[in-house]
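Hello,

Here is the structure I promised to pass on. Please open it and keep it beside you as you read my notes below.

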Amino acid sequence: MARKSAPDDLLAPLTLAVGQEELLLDRAVAQVVAAARAADPDTDVRDVAPGALQPGSLAELTTPSLFAERKVIVIRAAQDLGADSVKEVKAYLDSPVEEVIMVLVHAGGVKGKGLLDAGRKAGGREVACPKLTKAGERIAFVRGEFKNLGRSASPEACQALLDALGGDLRELAAACSQLTSDVEGTIDERVVARYYSGRAEATGFEVADFAVTGRAAEALERLRWALAVGQPPTGITYALAAGVRGIGRLATADRSMRPGDLARELGMPPWKVDRVRQQMRGWTGDGVATALTAIALADAAVKGGSDDPAYALERAVVAVARAARSGARQY
């Protein structure tokens with residue numbers, strides 16, 4: 001495997017996904033998994049959570065199956081592996097197993113650089129997943145999303161979307177997907193304003209604000225009113241998802257950062273950071289995961305997966321409100 005793999009070889013024995021942009025890292029992993037399953041539908045995928053790779057477990061993960069199906073081994077946060085695990089991964093890279101694809105997800109930087117260097121020396125295919133911190137990079141990302149979805153959007157629409165949502169790539173990608181599925185023709189600034197500003201902020205985001213603070217009755221009242229005045233159901237699921245994700249992002253941010261730096265890091269105005277900090281009370285990590293799952297189900301329902309999208313939205317609102325006060329261990 002010392003010969004360097006081609007950048008477009010998704011079935012290369014080793015892929016290095018390097019950077020700190022979670023959406024791009026997840027996409028790099030998903031592309032490898034999809035390619036492997038396209039080549040072999042019975043591919044066995046093992047996605048190892050950060051810190052879950054224990055000394056000795058790599059040999060078990062990479063042992064060929066009796067049925068000889070392809071394997072994909074994804075090792076998250078490789079920069080945080082312990083010394084013994086790093087030694088085992090390096091030894092594996094010197095003698096990889098046939099029909100096993102390894103994906104090392106690494107943050108880059110100095111920490112764990114020895115393992116990253118070993119992967120490069122072994123000829124691993126590398127995918128750069130850097131944080132997009134500049135406005136021009138984020139605009140280019142939005143344009144690329146619309147292009148990949150086979151749609152055209154005006155420069156003003158891309159800028160309006162960025163202004164409305166901030167710099168979180170997951171939210172921007174979700175918004176691009178929703179707009180392309182719900183709107184025909186070229187996406188312009190008026191379309192973005194209709195979905196993500198004005199009436200949408202006065203309805204969908206009010207539903208979300210009540211739901212993420214555990215006020216189910218008020219949230220359901222606002223939801224019914226929003227549907228009655230014609231707000232797109234996808235705008236409501238977006239608002240719910242944005243509210244819950246904001247709580248998760250702020251909860252995991254570096255609390256030693258100054259308010260201004262924190263707002264820039266999260267892509268939120270300072271006033272929104274303060275509001276999300278108040279909304280965090282009562283939330284747990286498990287609650288965030290539960291709420292996002294419920295919202296994803298509702299989003300699928302309102303896009304044609306259910307005969308009663310209003311009921312699906314109501315269930316999501318109740319699930320979010322319950323998650324907001326579900327556990328004793330708070331963020």
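Helices H6, H9, H11 and H13 (270-279) each give at least two residues to the lining of the second largest pocket. The top contributor is H11, with 6 residues. Bear in mind that this is a predicted model.

The second largest pocket has a volume of about 430 Å³. Its lining has 26 residues, and those closest to the centre are Ala-164, Phe-205, Trp-271, Lys-272 and Arg-275. By class, the lining splits into 14 nonpolar, 5 polar and 7 charged residues.

Phe-205 also belongs to the 1 aromatic pair in the structure. Its partner is Tyr-238. The ring centres are 6.0 Å apart and the planes meet at 75°. Planes over 60 degrees apart count as edge-to-face, so this pair is edge-to-face. Phe-205 sits in H9 (residues 199-212) and Tyr-238 in H11 (residues 233-251), 33 residues apart. Tyr-238 is buried, with a relative accessible area of 3%.

Now H6 (residues 155-165). Its buried residues are Ala-157, Cys-158, Ala-160, Leu-161, Leu-162 and Leu-165. They pack against H5 (135-148), H7 (169-182), H8 (189-196) and H11. Gly-166 follows H6 and has a positive phi, near 85°.

Last, the largest pocket. Its volume is about 990 Å³. Of its 28 lining residues, Glu-22, Lys-131, Asp-168, Arg-249 and Thr-252 are closest to the centre. The lining counts 10 nonpolar, 6 polar and 12 charged residues.

Best wishes

Technical notes
Residues numbered from 1 in each chain as written. Predicted model: local features only at pLDDT ≥ 70, side-chain atom pairs only at ≥ 80, totals over all residues. Heavy atoms only, no water. Phe/Tyr/Trp six-rings, centres within 6.5 Å; stacked < 30°, edge-to-face > 60°. Helix = DSSP H or I, 4+ residues; strand = E, 2+ residues; numbered from the N terminus. Buried < 20%, exposed > 50% of the residue type's maximum accessible area, 1.4 Å probe, protein only. Contact = heavy atoms within 4.5 Å. 1 Å grid on protein atoms, 1.4 Å probe; cavity = no way out; pocket = protein on both sides within 12 Å on 5 of 7 lines; lining within 4 Å. Points joined across faces, edges and corners; volume = space filled by probe spheres on them. Nonpolar A, V, L, I, M, F, W, Y, C, P; charged D, E, K, R; others polar.
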